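Let's take a friendly walk through a protein model. Keep the structure open beside you as you read.

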Amino acid sequence: MGGVTSSVAAKFAFFPPSPPSYGLVVEDEELGRLAMTRVPRRDNVEVRRLRTRKGNEIIAMFVKNPSAAFTLLYSHGNAADLGQLYDLLTELSVHLRVSVMGYDYSGYGQSSGKPNEQNTYVDIEAVYKCLLENYGIHAENIILYGQSVGSGPTLDLASRLSNIRAVVLHSPILSGLRVMYPVKHSYWFDIYKNIDKVPRVNCPVLIIHGTADEVVDWSHGKLLWELCKEKYEPLWIKGGRHCNLELYPEYIRHLKKFIASVERARANQNVSTGNALDPPRASSDHMETVRSSTDRIEKSTRITDHDHEKPMHDAEHREKSRLSIDAREKTRKSIDRTDRARSSVDHPDKPRNSIDRFGGMMKSAVLCNIGCFRRTPSRTEA
């Protein structure tokens, strides 16, 4: 049985850039502060080396935005590393007004170890734990973002968290085997079985997929959206392929809309509960055991909410605002439940050569998944 598993995994190969697109230098040995080479230097970018439960040391970069309400935990595709995505992550931080945490899987970039499914699961756990413990970011303020193969670790973590804020799936896969073969059932040797995990995600999920995706068929995104508990209006980019969705103006526009909606929902929740958080849980991440091979993430201290009660004379005005917000939310939910994609799919803007409203740096994003999910040729074919 192990041979079968290895064979399937080999066809669903990982493709870390070789050599890595960036290097590392030690800026402060005492503090363990690192810096990436061959990328622009930015004061708001911090590079860390994190140790996973399996003993690998992975590289993570944190892009700080002082005005951010949320932090995006970004899991990239299987043919990229942080050096190639550096500009994209910093641009997302600026245009979405969020902080961004990106990381390289084991065996990618300057991370140690070998790339495989199980390692990606413990990799994202280590990064999530770092956000809680080192940056003091509350779980309710984290949005998980998974691109292509990154949808695997993203949904695995999201399915085991009860209090994550939201999830974004960018050109996601139903499972590794389903990319290559149209199987109807989940087999034990399959990997990244997102089709089985997405129904367990208890937060809003946005799915973005190109209708002309030549690597992961659009049907993957559509079925995952249908299986979501909390559906958000999906973005089907007409003519979009697997590696160029960032080049379409509606990509960043729809992400802004999603984050604004999530922020309104959080504000509405705080008003309705008197700006009080739930009583502290025994574990800040509140993980559920899904796989026997996956340990629970270590307990972390929840961060207290710094929001304060508004004066009592504002109560009437606040209540009217909340009722208005509720009415708009009901209207939006009725749209979300339909199977129709947003109107921009039918009348999309064509991709621009330079994205003037998105920093003009997104061409580097097309390197994300070149060659991914391609079948590895057999010796007779080579």
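## A partly exposed phenylalanine

In this predicted model, F15 has a relative accessibility of 32%, which lies between the 20% limit for buried and the 50% limit for exposed, so F15 counts as partly exposed. You will find F15 in the loop between helix 1 (2-11) and strand 1 (23-28).

Now look for P115. F15 and P115 are 100 residues apart in sequence, yet their C-alpha atoms are 8.9 Å apart in space.

## The largest nonpolar core

In soluble globular proteins, nonpolar side chains tend to be buried together. Here the largest nonpolar core has 47 residues, and the members that touch the most others are L73, Y103, Y128, I142, L144, V167 and I207. Several helices and strands supply at least two residues each, among them strand 4 (57-63), strand 6 (99-103), helix 4 (151-158) and strand 9 (204-210). Which element gives the largest share of this core? That is helix 3, with eight residues.

## Aromatic pairs

How many aromatic pairs does the model contain? The count comes to nine. One of them joins Y74 and Y145: the ring centres are 4.7 Å apart and the planes meet at 15 degrees, which is under 30 degrees, so this pair is stacked. Y74 sits in strand 5 (residues 71-75) and Y145 in strand 7, so the pair links parts of the chain that are 71 residues apart. Are these two tyrosines buried or exposed? Both are buried, with a relative accessible area of 1% for Y74 and 0% for Y145.

Y232 and F258 make an edge-to-face pair, with 4.8 Å from centre to centre and 65 degrees between the planes. Y232 lies in the loop between strand 10 (230-231) and strand 11 (235-237), while F258 belongs to helix 8 (residues 249-272), so this pair ties together parts that are 26 residues apart in sequence. Y232 counts as buried at 2% relative accessibility, and F258 is buried too, at 1%. Elsewhere, ring pairs link Y103, Y105 and Y108 into a cluster.

## A buried histidine

Next, find H209 in strand 9. Its relative accessible area is 0%, under the 20% limit, and therefore H209 is buried. What does H209 touch, beyond residues up to four places away in sequence? Its contacts include S171, P172, V216, D217, W218 and H220, as well as W236 and L245.

Finally, turn to the second largest pocket, which has a volume of about 340 Å³. Its lining is made of 17 residues, and R33, L34, V45, E46 and V47 lie nearest its centre. Strand 2 (33-37) and strand 3 (45-51) each supply at least two residues of that lining.

What kinds of residue line this pocket? Nine are nonpolar, seven are charged and one is polar.

Note on methods:
Residues numbered from 1 in each chain as written. Predicted model: local features only at pLDDT ≥ 70, side-chain atom pairs only at ≥ 80, totals over all residues. Heavy atoms only, no water. Core = buried A, V, L, I, M, F, W, Y, C linked by side-chain atoms within 4.5 Å. Buried < 20%, exposed > 50% of the residue type's maximum accessible area, 1.4 Å probe, protein only. Helix = DSSP H or I, 4+ residues; strand = E, 2+ residues; numbered from the N terminus. Contact = heavy atoms within 4.5 Å. 1 Å grid on protein atoms, 1.4 Å probe; cavity = no way out; pocket = protein on both sides within 12 Å on 5 of 7 lines; lining within 4 Å. Points joined across faces, edges and corners; volume = space filled by probe spheres on them. Nonpolar A, V, L, I, M, F, W, Y, C, P; charged D, E, K, R; others polar. Phe/Tyr/Trp six-rings, centres within 6.5 Å; stacked < 30°, edge-to-face > 60°.
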